[in-house]
Amino acid sequence: QYLGQLYDKIIKNEIKLITAINTPSLFSSAPRKGWMYKQGGRIKTWKKRWFVLDKGCLYYFRDPSDTEPCGIVPLENILVALRSASGGRKFCFSLDATTGKVRSCKYKNGTLVQGNHEAYFMSASNEEERDGWVQDITSSILSNPLIQLIGARSSRRSTSTKSAVDEETKEKDEVNYDQIMEMAIMCP
């Protein structure tokens, strides 16, 4: 929903994301680029992808010469975890959401759609590469306090027992997720 709203705002304000991505120099100063394998979300196969880490996002492409990414993962409220070998792949790590699902989007038939991953699993070619990616991604993670606040309040509500007083307090303290996300999008 968040990415859908962001996409609508981009289209409405005529910001051309594709044009920016098509600019050859866009990722020239990216702190890390390289090949890794990414596990699929629905079908758990491993696919080789070209990854670019830049400005708080992890982009992945089928090939370094591609002008349109296969997917984009904003590094917001993400945890990076080392993982044991999986599916015949060594040197694995994952990107896990601190609340809910990992916020992401991908291109499907030329259309930007919201991703549906609980975690992203990647595999580097060796331990040194993996550790470099983990360190660089970890240092690029953004923390959005609004999202953390929403997550904390949601978990508090789900674990507490409800009473008449709790219901009255809840109504006064209700967080409108859409309004908060709109404010977060508008913040620089």
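Colleague: What makes β1 and β2 a pair, and in which sense do they run?

Modeller: In this predicted model, β1 and β2 are joined over 8 bridges in the antiparallel sense, and because two strands count as paired from at least two bridges, they are called a pair. Within this pairing, Lys33 stands opposite Val52 in β2, and the two strands form a hairpin with 6 residues between them.

Colleague: How do you know that β2 also pairs with β3?

Modeller: The reasoning is again a matter of bridges, since β2 and β3 (residues 57-61) share 5 of them in the antiparallel sense, where at least two are needed. Trp50 has Phe61 in β3 as its bridge partner, and the hairpin formed by β2 and β3 has 2 residues between the strands, with Lys55 in the turn showing a positive phi of about 50 degrees.

Colleague: Why is β2 called largely enclosed?

Modeller: Of the 9 residues of β2, 7 are buried, so the strand is largely enclosed by the rest of the structure; buried here means under 20% relative accessible area.

Colleague: Why is Cys57 called buried?

Modeller: Its relative accessible area is 15%, and because the cut-off for buried is under 20%, Cys57 is buried. Cys105, with a relative accessible area of 9%, is buried as well.

Key. Residues numbered from 1 in each chain as written. Predicted model: local features only at pLDDT ≥ 70, side-chain atom pairs only at ≥ 80, totals over all residues. Heavy atoms only, no water. Buried < 20%, exposed > 50% of the residue type's maximum accessible area, 1.4 Å probe, protein only. Helix = DSSP H or I, 4+ residues; strand = E, 2+ residues; numbered from the N terminus.
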